Amino acid sequence: MTNQPNASKRPLRIGLLVDSLTQPRWVSKIINDIQASDFAEICIVVKNEATSGPPLGRFQSYWKNRNYLLYALYERVDSRVSLAEDNAFEDVDIQKLLDDVPVLGVMPVMKKFSDWFPDDAVEKIRSYDLDVVISHGFRILRGKALRIAKHGVWSYHHGDNLVNRGGPPGFWEVMEGSPISGAVLQVLSEDLDNGEVINRSWSRTVDRFSVKGSRNNLYWRSSSFVMRKLKELYEQGRVSS
């Protein structure tokens, strides 16, 4: 028999970290699924207010990214590949999915590759009594930013972290001819890329020649992780590793 949500139990209170209110379609699906569920609800959106400064000129941009020009060329060619299903990375405006949800702008303390939240922002977020925060924004979180929800900050890593922690997602699996591509959902910790893994799965590398096609499949297949683990948390009071 399928477990039904307990009417006397309040839905899980979820926070969402973003850099923008425009998100790729696979993230939009997760948000829509949470809002449509009867066991979880998004209570606050924390938006990154950091700016990266004035845009670089074309030559400056090429020079800054000179080590990645070959990959950029490959991506330009690969972008012409037709997809078998909807584009997981198509931009979607998520504001209409979050009409009644407050948005808190946070200017992080930025050090090299990491972000810390100011104390006042941490206290404000904690006042929402969140069960889980799902990260789709900011850089590497440090300090109190990792402790703003009872069950931590959850984040995707698209790649098998037992084999390959480097990016870009889905790239090396195609280049090395791997028949499968992995993805994990983890609870972030101070130990970079070594948080507690709460969901791990593999999917077929559907296109042995196109990163775009295989990556699209990987992101759609792993988009179910969040709802699966939130339902487990709601029903059991914990999530298994």
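D131 counts as buried, at 6% relative accessibility, where buried denotes under 20% relative accessible area, exposed over 50% and partly exposed in between (1.4 Å probe, protein chains only). The structure is a predicted model, in which local features need pLDDT of at least 70 and side-chain atom pairs count only at pLDDT 80 or more, while totals for chains, interfaces and linings use all residues. Residues are numbered from 1 along each chain as its sequence is written, and side-chain values use heavy atoms, with hydrogens and water left out.

D131 lies in the loop that connects α4 (119-126) with β8 (132-136); helices (H or I, at least four residues) and strands (E, at least two) are DSSP runs numbered from the N terminus. The D131 side chain reaches the backbone nitrogen of R13 at 2.7 Å. Beyond residues up to four places away in sequence, D131 touches R10, P11, L12, R13, A149, K150, H151 and G152, a contact being heavy atoms within 4.5 Å.

In the protein as a whole, 7 helices and 12 strands are present. Of its 241 residues, 43% are buried. Among contacts between residues at least 6 apart in sequence, 74% link residues at least 24 apart.

An open sheet of mixed pairing is formed by 3 strands in the order β6-β7-β9, with two strands taken to pair if DSSP finds at least two bridges between them. Its edge strands, β6 (109-111) and β9 (140-142), each pair on one side only. Strands β6 and β7 (residues 114-116) run antiparallel and are joined by 3 bridges. K111 is placed opposite S114 in β7.

Notes. A polar contact is a pair of N or O atoms within 3.5 Å; within protein, one must be able to donate a hydrogen and the other to accept it, and residues adjacent in sequence count only if both atoms are side-chain atoms.
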